[in-house]
Amino acid sequence: SNPLHREVHQDMEQPLCHYFIASSHNTYLSGDQLLSQSRAEMYARVLQAGCRCVEVDCWDGPDGEPVVHHGYTLTSKILFRDVAETINKYAFIKNEFPVILSIENHCSIQQQKKIAQYLKEIFGDKLDLTSVSTGDPRQLPSPQDLKGKILVKV
């Protein structure tokens with residue numbers, strides 16, 4: 001790939017909604033949507049390739065541990081905690097712009113609390129917990145304002 005394409009040559013001070021954001025769907029899958037393996041390493045791969053929005057499909061797992069997989073299919077399951085740790089490790093290696101976790105939540109309240117606990121423990125100060133009202137999108141923070149931050153979209 002062209003090394004010039006790795007540099008950002010545009011104004012990053014506009015509201016977040018003014019930008020196209022490189023996003024990944026079913027990020028955790030290493031293959032097809034019905035039978036393939038779910039792998040935490042897929043998050044490392046897409047984040048290093050420039051993706052800034054990753055999908056995390058959360059389901060109740062055994063022993064009170066939430067898992068990530070493609071629901072109602074035969075895809076394998078991985079622990080939510082492992083996914084969060086992988087994202088934390090690789091989120092800002094290639095660039096500092098914010099990473100959005102697009103969480104598809106199918107969990108019980110008990111396991112949702114576990115997810116919230118892991119988000120806070122693993123991401124620490126990187127986790128942006130500021131509330132954004134959905135009123136005026138011009139009030140959204142900019143990518144520049146959010147450098148080094150993890151945002152959660154549910």
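## A mixed sheet and its cores

Strands S4 and S5 (residues 150-153) run parallel and are joined by 4 bridges. Two strands count as paired if DSSP finds at least two bridges between them. Helices (H or I, at least four residues) and strands (E, at least two) are DSSP runs, numbered from the N terminus. The model is predicted: local features need pLDDT of at least 70, side-chain atom pairs count only at pLDDT 80 or more, and totals for chains, interfaces and linings use all residues. Residues are numbered from 1 along each chain as its sequence is written, and side-chain values use heavy atoms, with hydrogens and water left out.

**The sheet**

Valine 99 has isoleucine 150 in S5 as its bridge partner. On to the whole sheet. It is open, and its 5 strands lie in the order S3-S2-S1-S4-S5. The pairing is mixed. Strand S3 (78-79) and S5 are the edge strands, and each pairs on one side only. Strands of a sheet pair through backbone hydrogen bonds, either parallel or antiparallel.

| Strands | Sense | Bridges |
|---|---|---|
| S1 and S4 | parallel | 6 bridges |
| S4 and S5 | parallel | 4 bridges |
| S2 and S3 | antiparallel | 2 bridges |

Aspartate 57 stands opposite glutamate 104 in S4. Valine 68 has isoleucine 78 in S3 as its bridge partner.

How much of S4 is buried? Of its 7 residues, 5 are buried, so S4 is largely enclosed by the rest of the structure. Buried means under 20% relative accessible area, exposed means over 50%, and partly exposed lies in between (1.4 Å probe, protein chains only).

Asparagine 105 lies in strand S4. With a relative accessible area of 31%, asparagine 105 is partly exposed. Asparagine 105 touches Cys58, Gln112 and Val154, leaving aside residues up to four places away in sequence. A contact here means heavy atoms within 4.5 Å. Histidine 70 is 35 residues from asparagine 105 along the chain, and their C-alpha atoms are separated by 12 Å.

**The cores**

A nonpolar core is a set of buried Ala, Val, Leu, Ile, Met, Phe, Trp, Tyr and Cys residues joined through side-chain atoms within 4.5 Å. The largest such core has 27 residues. Val56, Phe80, Ile87, Leu101 and Phe123 have the most contacts inside this core. Helix H1 (41-48), strand S1 (53-59), helix H2 (80-90), strand S4 (99-105) and helix H3 (109-123) each supply at least two of its residues. H3 gives the largest share, 5 residues. A second, separate core has 5 residues, including Leu16, Cys53, Leu146 and Leu151.

Which residues does phenylalanine 80 touch? Not counting residues up to four places away in sequence, they are Val56, Cys58, Pro66, Val67, Val68, Ile115, Tyr118 and Leu119.

Now look at H1. Its buried residues are Met42, Tyr43, Ala44, Val46 and Leu47. Their cover includes S1, strand S2 (67-68), H2 and S4. Just after H1, glycine 50 takes a positive phi of about 105°.

**The cysteines**

A disulfide is a covalent bond between the sulfur atoms of two cysteines. The cut-off used here is a pair of cysteine sulfur atoms within 2.5 Å. The structure holds 0 disulfides. Cysteine 51 is in no disulfide, and the nearest cysteine sulfur, that of cysteine 53, is 6.7 Å away. Cysteine 51 counts as buried because its relative accessibility is 8%.

**The whole chain**

The protein chain has 3 helices and 5 strands. From the N terminus on, its elements run α-β-β-β-α-β-α-β. Its radius of gyration is 16 Å, close to the 15 Å that the globule rule gives for 154 residues, so the chain is as compact as a globular protein of that length. This radius is taken over C-alpha atoms, and the globule rule is 2.2 Å times the number of residues to the power 0.38. Along the principal axes, the C-alpha atoms fill a box of roughly 45 × 40 × 25 Å.

Of the 154 residues in the protein chain, 42% are buried. Among contacts between residues at least 6 apart in sequence, 70% join residues at least 24 apart.
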